[in-house]
Amino acid sequence: MTAERTVPILGAPGMPTVLHVAGARPNFMKVAPLHRALQRWKAIRQVLVHTGQHYDARMSDIFFDDLGLPEPDMHLGVGSGSHAEQTARIMLSLEPVLVSQRPDLVSVVGDVNGTLAAALVAAKLGCRVAHVEAGLRSNDPRMPEELNRILVDRVSDLLFTPSADADANLLAEGTSPAHIHRVGNVMIDTLLAAKAEALRRPVLRQLGLEPDGFALCTLHRPSNVEVPATLADILQALAAVAERLPVVFPAHPRTRAALDRLGQAPGPGIRVLEPLGYLDFLGLTARARLVLTDSGGLQEETTVLGVPCLTLRENTERPVTVTEGTNTVVGVDPQRIVVEAEAILATGGKRGRIPELWDGHAAERAAAVLAAELGVP
Ligand code: UD1
């Protein structure tokens with residue numbers, strides 16, 4: 001598969017070039033603020049490559065519109081597949097792009113397969129790699145993202161971390177402190193910039209919901225949705241929560257397919273929706289009474305919004321959301337989920353505080369480090 005140019009690349013040849021790689025839903029919220037912050041340095045050329053891991057309009061295009069991200073300069077169009085297929089296809093498609101574009105630095109974000117593929121290709125071509133959201137560890141090697149995180153960090157030159165635990169993880173693995181830059185959480189830059197607009201969206205009215213009058217659920221981890229007994233357990237817990245207040249459940253395509261295979265109606269009070277765009281989803285999250293999720297990003301977003309979050313996993317790579325924020329890791333036992341949800345409904349749940357450097361300026365700090373690394377004043 002060859003890379004297809006979709007729009008002409010701006011900037012003059014010979015300028016220091018940062019090439020950003022993104023491709024799955026949670027990447028876009030992380031690339032957007034860094035791309036914007038780097039625009040301050042007119043002498044830096046930026047190239048945005050979309051891997052195509054996510055391709056449905058509701059999984060990709062809508063995020064570009066909501067976030068004001070420019071059209072990708074190139075689209076690799078890799079689509080879905082096994083982990084090996086997806087990672088390999090991105091590597092094969094990206095290598096000639098890097099050879100022709102000759103970036104001075106490749107910036108990768110998060111922990112999806114494209115993050116790993118791009119970091120490996122860049123490092124093997126001798127190109128510097130910056131990893132945004134470095135150092136997070138669930139210490140669960142069964143989680144594909146955990147392997148991606150460890151490997152990406154290992155080959156990255158600049159490690160932009162969101163929190164002190166991430167620094168500690170990297171140091172414990174032998175990373176030199178010179179490579180670690182704690183800049184804060186770039187995804188929270190996006191949240192804080194978009195919050196006012198998200199709160200103006202009519203999404204609650206459209207769904208007939210009252211502020212603080214509903215629970216919000218998202219699920220997409222294969223460990224939860226691809227195991228029928230686990231998915232059935234979670235649905236049982238959601239049905240119990242739905243006896244108290246409506247449960248709104250925008251479903252990832254993987255989850256929608258798993259629900260169809262399970263062949264079990266989700267139960268009254270559970271409203272399964274199509275995936276939502278960034279602004280509508282943020283508008284819903286900000287006004288939810290409680291969130292139940294297996295997402296990583298949503299644990300962080302609820303912490304900043306002060307909304308109680310129950311994480312339906314056995315662990316988290318974002319412990320600061322538990323120790324400082326509104327998150328509680330509850331696993332997937334339906335009784336435990338219901339007990340914790342009832343406690344939130346009775347007490348209002350954890351209030352938490354916003355972690356240090358999750359202040360809306362993380363990408364500016366990262367951009368300043370990148371510019372210095374490229375020798376651009
Ligand atoms: C990927 C990331 C995960 C991230 C998640 C956010 C990896 C290993 N996983 O998981 O870390 O939290 O994105 O959503 O990179 N599909 C569509 N349309 C799309 C995209 C996917 O229908 O636009 C369906 C396909 O059937 C596909 C399945 O969803 O096989 C899973 O997509 P995939 O990108 O492989 O993994 P995610 O579960 O989205």
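Reply: A polar side-chain atom of Glu145 lies 2.5 Å from an oxygen atom of the ligand, a polar contact in the sense of a pair of N or O atoms within 3.5 Å. Backbone N or O atoms take part too: one of Asn113 is 2.8 Å from a ligand oxygen, and one of Tyr55 is 2.9 Å from a ligand oxygen. Taken alone, the ligand exposes 750 Å², and the protein buries 85% of that (accessible areas by the Shrake-Rupley method with a 1.4 Å probe).

A word on the source: this is a predicted model, where local features need pLDDT of at least 70, side-chain atom pairs count only at pLDDT 80 or more, and totals for chains, interfaces and linings use all residues. Residues are numbered from 1 along each chain as its sequence is written, and side-chain values use heavy atoms, with hydrogens and water left out.

Now the wider surroundings. Around the ligand there are 18 residues, of which His54, Asn113, Glu145, His220 and His252 come nearest; a residue counts as near if one of its heavy atoms lies within 4 Å. This shell divides into five nonpolar, eight polar and five charged residues, with Asp, Glu, Lys and Arg counted as charged, Ala, Val, Leu, Ile, Met, Phe, Trp, Tyr, Cys and Pro as nonpolar, and the others, Gly among them, as polar. Two or more shell residues come from each of helix 1 (25-38), helix 3 (83-101) and helix 11 (253-262), helices being DSSP runs (H or I) of at least four residues, numbered from the N terminus.

Methods: A polar contact is a pair of N or O atoms within 3.5 Å; within protein, one must be able to donate a hydrogen and the other to accept it, and residues adjacent in sequence count only if both atoms are side-chain atoms.
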